[in-house]
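Take a look at the chain shown here.

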Amino acid sequence: MAFKTCLRLVLCASVACFVIALRGQGTLRTITFDGPPTIPPGANIGETYYYEDSMSFTPIKPGDQFTRAGGGIAVFPEDGSPYLLQGAFDSLSGSRGGISRFGLHSVDLSEFSILYDFPRTAQFVGYRLDGTIVTAEFTTDGVIDGTGPGPDFQTFHFDTRFSDLVRFEVPTHTYALDNLVFFDVVPEPSVCSLLLVAGGVVGHSHIVRKRRLLRNAKKPPLVETQIRQGDLIPRTETGQIGGLSGAAPVSCWWGA
Ligand SMILES: [Ca+2]
Ligand SMILES: [Ca+2]
């Protein structure tokens with residue numbers, strides 16, 4: 001691979017690492033479920049796919065759905081914006097292509113409606129890159145007044161076991177969900193370190209090569225003289241041609 005091409009690849013990879021690091025762990029991003037497409041107040045719409053801010057949502061099983069609600073219905077929870085209202089047979093799965101790693105930070109949960117004014121437990125299942133599975137259960141306080149002035153949603157925080165996932169599922173139904181907060185997972189430091197080391201090796205090799213070329217260009221031309229037996233020109237200890245003051249160094253082959 002040509003030096004310039006190799007160097008360009010290393011630089012691009014290093015820049016990618018730098019950009020990812022800038023948006024790395026600790027930078028919280030919120031899925032609001034507000035759209036697009038927007039769900040108008042008073043509407044509840046069953047869907048099989050939703051995308052927002054790099055994360056895709058589907059039901060867990062083919063044939064299932066999840067429901068996006070626009071709010072504004074007296075019996076259902078209210079937080080002033082669209083949210084997910086999971087009825088019977090609804091389920092939810094979220095990922096970033098099943099490859100990109102992320103961590104879950106927090107989520108807002110509510111009871112399903114004023115007709116379900118008792119605590120509700122929602123289970124979250126996290127799938128990690130190494131194949132291990134983690135679970136968490138959050139239980140609401142059972143207090144809900146729909147479009148009344150009281151708060152219906154509560155915020156729950158995930159523990160560190162959910163800090164490095166490739167997918168999550170919520171098999172629970174009859175609850176409401178909004179404001180899922182997540183963060184990017186920075187690639188392993190060793191990856192960036194290897195890229196930086198590779199860049200250093202490539203750069204050092206290039207510098208050594210250029211110095212060698214420059215040094216060779218400054219050397220006097222090598223004079224090779226074959227001196228045969230019987231030649232009248234005597235050989236000196238320095239390998240220079242005797243009697244020629246200031247002559248250039250020579251290398252000699254003494255013939256048979
Ligand atoms: Ca919302
Ligand atoms: Ca309320």
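Phe-33 sits in the loop between β1 and β2. The model is a predicted one. Its backbone has a feature to note: Phe-33 is not a glycine, yet its phi is positive, about 60°. Most residues other than glycine have a negative phi.

Is Phe-33 buried or exposed? Phe-33 has 20 other C-beta atoms within 10 Å. The cut-off for buried is 20 or more, so Phe-33 counts as buried.

Most peptide bonds are trans. The bond joining Gly-35 and Pro-36 is cis, with omega about 10°. The bond from Pro-36 to Pro-37 is cis too, and its omega is near -5°.

## Another positive phi

Turn to Phe-89. This residue lies in the loop between β6 and β7 (92-95).

How many C-beta neighbours does Phe-89 have inside 10 Å? The number is 12. A residue with 12 or fewer is exposed, so Phe-89 counts as exposed.

## The nonpolar core

Now look at the largest nonpolar core. It has 29 residues. Those with the most contacts inside it are Tyr-83, Leu-84, Leu-109, Ala-176 and Leu-177. Several elements give two or more residues to this core: β5 (66-69), β6 (83-86), β8 (102-111), β9 (121-127), β12 (167-170) and β13 (175-184). Which element gives the largest share? That is β13, with five residues.

## The whole chain

The chain contains two helices and 15 strands. Of its 256 residues, 20% count as buried.

How do its contacts span the sequence? Take those between residues at least 6 apart in sequence. Of these, 72% join residues at least 24 apart.

Definitions and conventions. Residues numbered from 1 in each chain as written. Chains lettered and ligands numbered in written order. Predicted model: local features only at pLDDT ≥ 70, side-chain atom pairs only at ≥ 80, totals over all residues. Core = buried A, V, L, I, M, F, W, Y, C linked by C-beta atoms within 7 Å. Helix = DSSP H or I, 4+ residues; strand = E, 2+ residues; numbered from the N terminus. Contact = placed C-beta atoms within 7 Å.
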